[in-house]
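Colleague: I would like to learn how to read the secondary structure and packing of a model. Could we go through it feature by feature?

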Amino acid sequence: MDIFLIKAAQLILSLSILVVLHELGHFIPAKLFKTRVEKFFLFFDVKFALFKKKIGETVYGIGWLPLGGYVKIAGMIDESMDKEQMAQPAQPWEFRSKPAWQRLIIMIGGVTVNLLLGFFIYSMILFVWGQDQLKPEGIKEGFAVSRTMREYGFQNGDVVTEINGKPLENVSDISKYILLRDVSKLTVKGSDGAIRHLSLP
């Protein structure tokens, strides 16, 4: 039971971080362009909110329904569907009175943050855990060659060292090169240490 609660808390926390960052992608450009942001909520506050506090012109809060979050930008019909406000004349601090390029930046801000966050997370994964690299000298016994590849001159114990005249840094990439790229010439080192040059149709 404790493990379930921990996993549930981790899920809610990670989703909360993603939601807040996404909404900041809308919130920050709106503020930069002097557009009034009336609400900034984590989760939805249907009927009531678990917490809310007004700071300046913006009400910050946490709703009870964990299905996302929202920012309510003045003069913009979004999750709030504030049609009464839209019926009034446009004010200088409203979204609808801003130039088209500013409105576009405000609208795509959340998606842009998601995209940048994805690149950042995967960069950190590669930075921390790295990428598997297998050097040719790391395969002392060489490859076990399939019957199909034997027809082109490969032998058990061979190790590919070059592809199309370029050194193969990561031997694990050999299948990707042969199956998906235009490979015509291969340099292999046999189990006896002899270097051979092979051609593929």
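**Reading the model**

Modeller: Start with a hairpin: S3 and S4 have 2 residues between the strands, and Asn 164 takes a positive phi near 50°. Strands (E, at least two residues) and helices (H or I, at least four) are DSSP runs numbered from the N terminus. This is a predicted model, in which local features need pLDDT of at least 70 and side-chain atom pairs count only at pLDDT 80 or more, while totals for chains, interfaces and linings use all residues. Residues are numbered from 1 along each chain as its sequence is written, and side-chain values use heavy atoms, with hydrogens and water left out.

Colleague: In what order do the 4 strands of the open sheet stand?

Modeller: Two strands pair if DSSP finds at least two bridges between them. Here the order is S4-S3-S5-S6, with antiparallel pairing. Strands S4 (166-167) and S6 (195-199) are at the edges with a single partner strand each, so one side of each has no neighbour in the sheet.

Colleague: Which residues make up the largest nonpolar core?

Modeller: In soluble globular proteins, nonpolar side chains tend to be buried together. A nonpolar core is a set of buried Ala, Val, Leu, Ile, Met, Phe, Trp, Tyr and Cys residues joined through side-chain atoms within 4.5 Å; buried means under 20% relative accessible area, with a 1.4 Å probe and protein chains only. The largest has 12 residues, including Val 145, Phe 154, Val 160, Leu 186 and Leu 200. S3 and strand S5 (185-189) each supply at least two of its residues. Apart from it lies another core of 10 residues, among them Phe 27, Ala 30, Met 76 and Phe 95.

Colleague: How many residues does helix H1 have, and where does H1 bend?

Modeller: Helix H1 (residues 2-32) has 31 residues and reaches 44 Å from first to last C-alpha, close to the expected 45 Å. The expected span is 1.5 Å times one less than the number of residues. H1 bends by about 30° at Leu 24, the bend being the angle between axes fitted to the seven residues ending there and the seven starting there. Buried residues of H1 include Val 19, Phe 27 and Ala 30. After H1 comes Lys 34, with a positive phi near 55°.

How values were computed: Buried means under 20% relative accessible area, exposed over 50%, partly exposed in between (1.4 Å probe, protein chains only).
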